[in-house]
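Trainee: I have a structure open and want to check the terms used for it. Can we go through them one by one?

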Amino acid sequence: MIMPLDNFPDYGILTVKERQSMVQTQLVPRGIKDPNVLNAFMNVPRECFFIEEYLKNAYADSPFPIIENQTISQPYMVAVMTELLELSDADLSSGAKILEIGTGAGYQAAILAHMGCKVASVERIGKVADFAIMNLKKVPYGRRVEVFVGDGTLGWPEEAPYDGIIVTAAAPKIPSALLAQLKVDRKLVIPCGNLMIQQLLQVVKQQNDIRINRHTGCRFVPLIGQDGFKE
Ligand code: SAH
């Protein structure tokens, strides 16, 4: 696979090689196919979204702790969720507007922004939002991400409607506000279940209905809020 690489400064101990190997060993063999998704993973430096303590693990096949008991998701999970938004080349070149709930480290938002999306990302914890804002400043396309502090179970109506919504925390059910803020024929990608285990759902909004496609089992930190788990 030959893909163009952005001209990034070297952040020290981690290299372009590790990023390419992450794509070739963690994403491609597990079925990630969307070339725009693979290209973003080839280029976004995951080390920019880590805390110092775990920096050497930036390309490991696993989630890692950030601050405030939260995590940066496993690369494969970020890739599956991004692919399930089913964004076309036309969507990306016209700057599709995506809502992310659960900014965390900002890595998922950076992947979407690298692809060409405009991202509104809502984070419940102020300190975590500040961490993400700091991380996103390290990459040029970080400018395409706006981070808001609030309860994402209510969505972010100010910027609605969206061309896709991605929830990166475990939800007990599908928050109705998110469906209301999504365009028809577009996808909401959300891990739904209990606190221990969830299933990744792709919810397709139709005119008067929804269609649910079920995907992999997963485990996320809880979505806490009015239409999520209680604190
Ligand atoms: N997308 C992130 C990982 C997210 S971890 C990344 O790429 O690194 C999940 C995040 O969801 C946590 O930071 C948590 O604080 C946040 N969260 C939990 N409930 C929330 C809510 N109701 N609204 C917004 N963010 C929420």
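Trainee: What makes strand β3 (residues 97–101) count as mostly covered?

Mentor: The model is predicted. Buried means under 20% relative accessible area, and 4 of the 5 residues of β3 are buried.

Trainee: How do you know that β3 pairs with strand β4 (residues 118–123)?

Mentor: Pairing takes at least two bridges. There are 5 bridges between β3 and β4, so they pair, and the two strands run parallel. Within this pair, I98 stands opposite V119 in β4.

Trainee: Why is the β-α-β crossover from β3 to β4 called right-handed?

Mentor: The chain goes from β3 through helix α5 (residues 107–115) to β4. With the strands pointing away from the viewer, a clockwise path over the helix is called right-handed, and this crossover is right-handed.

Trainee: What makes β3 and strand β6 (residues 162–167) a pair?

Mentor: The same cut-off of at least two bridges applies. Here 4 bridges join β3 to β6, so they pair, again as parallel strands. I101 stands opposite V167 in β6.

Trainee: Which residues lie nearest the centre of the largest pocket?

Mentor: They are T71, T168, A169, F220 and V221, out of 36 lining residues. A lining residue has an atom within 4 Å of a pocket point. Among the elements that give two or more residues to this lining are β3, α5 and β4. The volume of the pocket is about 560 Å³.

Trainee: How many lining residues of the largest pocket are nonpolar, polar and charged?

Mentor: The lining has 17 nonpolar, 14 polar and 5 charged residues, with Gly counted as polar.

Conventions. Residues numbered from 1 in each chain as written. Predicted model: local features only at pLDDT ≥ 70, side-chain atom pairs only at ≥ 80, totals over all residues. Heavy atoms only, no water. Buried < 20%, exposed > 50% of the residue type's maximum accessible area, 1.4 Å probe, protein only. 1 Å grid on protein atoms, 1.4 Å probe; cavity = no way out; pocket = protein on both sides within 12 Å on 5 of 7 lines; lining within 4 Å. Points joined across faces, edges and corners; volume = space filled by probe spheres on them.
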